[in-house]
Amino acid sequence: MTQSIHSHTYENGLVLVAEPMRSLESAAFTFLVPAGCCYDPDDRSGLSAFTCEMALRGAGPRDSRAFVQDLENLGVERAESVSAAHVSYSGATLAGNLLPALAIYADLVRRPHLPADQLPAGRMVVLQDLRAIEDDPAQKVMLELRRRHYPNPWGRPSQGEQQALEETTIDEIRDHFCGLYRPCGTILGVAGRFTWRRLKDWVGGLFGDWCGADIGLPAAGQTGAKQTHMAHPSNQTQIGIAYRSVPYRHPDYFQAWGSVGVLSGGMSSRLFTEVRERRGLCYSVYASLHTQRDRACVLCYAGTSADRAQETLDVTLAELRRLAAGIEPVELDRLKARIKSALIMQQESSSARSGALARDWYHLGQARTLDEIGRLVDELSCEGINAYLAANPPDDFTLVTVGPSALKMPVAAL
Amino acid sequence: MEFLRHTLENGLEGVAERNAEAHSLGLGFFVQAGSRDETDALAGVSHFLEHMVFKGTATRTADDVNREFDDMGAHYNAFTTEENTVYYAAVLPECQPRCLDLLADILRPSLRQEDFDTEKQVIIEEIRMYEDQPPFGADDQCKATHFGSHPLSRSVLGTVASITNLPADEMRAYFAHRYSPANMVLAAAGRVDFDQLAEQAERVCGGWPRTAAHRRLPAADPHSSFDVIHRPSANQQYALQLMNGPAAEDDDRFAAKLLATIIGDDSGSRFYWELVDTGLAEQANLGHYEYQGAGVYMAYLSCEPQQAASNLQCIANIYRQVEREGVRAEELAQAQTKVKARVVLSSERPRNRLFSVGGNWISQREYRSVRADLAAVDAVTVDAVQRVLAKYPLSINTTLAIGPQARIARPQ
């Protein structure tokens, strides 16, 4: 693997970070705009998501129909999402269409119309997104878990709340946009086939005169309840468990990441083996390390029939606790093999890479090449991971269940 | 890109699309065994068998299988459809021999009773999981209603009752019959060493016994009905529609896919502008799905319960209008650009090419390059779309709604 990553910080603070992938015919981009739902006022939860929805309804010289049509005529596959810190606008297309696509996105993040006459339609869209969660208990349990585990506002679901969405006005959306969509803190990741100098000049031309002052992050408040059950008329009980971990920029991050990989990665991982393969308790069980800039946690999920849910919770918690006793060298070898091939395969997708570049920059103020990540993974040792686990044993769990009846959390786990 | 092919004496065919530029390769066995090959007593056996294939062989335990895939850093899985069961792995080129050795070995599974009993619980959990998620099993019910006595009416997962009552011996007999080398394809895509693959396949698969596995390919009759299932605990209303369309071997399938893109793509389609952009529906889309000897369009709607009737009427109006007036040239051009970009973007990953190469070969014994697919999309005309619409009208459909509304007026 040999890669080079280019980066440039424009005078207004906008960062462009880009990696050429010459074997590909495509190019992909990810804008991280620092306007995530952590900025939603307490009585206007969902405002960031609502603003994102409205920003897609026409920008610059295009009304909403021309906006969609012009992107589609460039073959752009687009996606938007809202996290605590960012609104993400991303797209992928054939390499030759990258620069015109970026020009349309420059209008989107700088000159959206936020049209008042489309507010009712936009409101119906975000309200439906909220309603859909109520029909999807597996998604709901993980949203509610994050809400309780992280300090407010860092765990709140981006979809917001019904009353706030119903009361939001177009002026509030416009104020939210004007206050938060700004160059300082915005990161544009690009990956695929492109010429760096031309890209840098093009982005400079599109964004160089964009103004806006930096804004600090909201302070972290209280966390939620340690144990919650939400009644739901379903066959299965959804179980969500969270415990604290370290964020991406922490020196111990890769130790923490490695330990979660042993817990849940391939089908030989501990949770899959003990909960599903040996006992047949559930179809879906996993754990993943979720990282924000200043905090992180491990999120575990299992979904199973109500009458087997207590046993599933007990076995899952036992595996989380057993992790504190350390991992085996063969587990680490398998983990390294899996990560190594995943890194190489990341070079086959411009979309995956553009997102990773932008997120790396947000967390570290630089982007790591796949070679560098490979070296960090090579340096992982059992001793290092076990020392981390001994000092940071999984404990102090947050538990959320969604289903017909509540479960008992063993006292020692609380 | 280079297409390569090798056939073993027992009938197993190996096919590959070699791409020297790729970083990895995808490797997979495509078995012609799906729910359409089942009977009532065997409902769900193809999918259950897919799980059991990972449970060990004469020389490997289930733990060995999982561990060895993970040891080589493979991205691996399996899936079952109405037509095929597919086992695949994406690995780095140096792992090709180990990967084929393991994949070939698990394709001769032990099917032990104890593993069968444990895995039965996992399958039942999977069925219950889908019953808890939208559209709460209505997709299977809509398919059953639409296809009637046709084999494609069958559920891939089966039911809790059919899985509970399935004996292990029946699965073993099904395996012996369907997993004949002549009824499967070994496919590869990406940076593959094909000489090595063919030579190794001779060694590790050459001894597999050949049996005669047949598949019925009756014609599927069009069907029209409108039903509502009352589910008071749901928040949103959901509706599914199935209507006949071109089959996998029909050249008209490209026109059908472009029509579905124009009418019901997730973005920029007629459904999008009428229903999604306006906030009247959370989702409204239409896709074309092809099978051997039959094809369908499937429409999916989710929306607030009180909007369901008017949204379904709006969809019916869109169908009637396009049947009457056809599609516009600029709509077709936009759909062609969109579909071609998707083909190119997805083909960058060898594992995606694997599904195309293996899927086309098991279904049609045909190799289609990315270039051929792009040319076929480009060749579709407004007239061709109109012809497909005349042959397979969207307005003749099987509709099934589920949600809090007990009754919904049938669209006029």
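I started at a strand pair: Leu27(B) stands opposite Ala188(B), a residue of β6(B). For the record, strands (E, at least two residues) and helices (H or I, at least four) are DSSP runs, numbered from the N terminus. Before going on, I noted that this is a predicted model, where local features need pLDDT of at least 70 and side-chain atom pairs count only at pLDDT 80 or more, while totals for chains, interfaces and linings use all residues. Residues are numbered from 1 along each chain as its sequence is written, with chains lettered from A and ligands numbered from 1 in the order in which they are written.

**Around β6(B).** I looked up the partners next. Strand β3 (residues 25-31) of chain B pairs with β6(B) over seven bridges, in the antiparallel sense; pairing takes at least two DSSP bridges between two strands. Strand β2 (residues 13-18) of chain B runs parallel to β6(B), joined to it by six bridges. There, Glu17(B) has Ala189(B) as its bridge partner in β6(B). Is β6(B) buried or exposed? I found seven of the seven residues of β6(B) (184-190) buried, meaning 20 or more other C-beta atoms within 10 Å of the residue's own, with C-beta atoms placed from the backbone.

**Sheet in chain A.** Here I traced an open, mixed sheet of five strands, ordered β9-β13-β10-β12-β11. β9 (227-231) and β11 (284-291) of chain A each have a single partner strand, so one side of each lacks a neighbour in the sheet. On average, neighbouring strands are turned by 15° against each other, direction ignored; axes are lines fitted to C-alpha atoms (for helices, over the stretch in contact), and angles between N-to-C directions run from 0 to 180 degrees. I checked β10 (236-245) against β13 (398-403) of chain A: they are antiparallel, with five bridges. Gln238(A) has Val402(A) as its bridge partner in β13(A).

Two helices pack on this sheet. Helix α5 (137-149) of chain A touches β9, β10, β12 and β13 of chain A, at about 155° to β13(A) by direction. Helix α9 (253-263) of chain A touches β10, β11 and β12 of chain A, and its direction makes about 175° with that of β11(A).

**Chain B against chain A.** I get 51 residues of chain B in contact with 53 of chain A, contact being C-beta atoms, placed from the backbone, within 7 Å. On the chain B side, α2, β5, α4 and α12 each supply at least two residues. α4(B) gives the most, with ten.

Notes
Buried ≥ 20, exposed ≤ 12 C-beta atoms within 10 Å, placed from the backbone.
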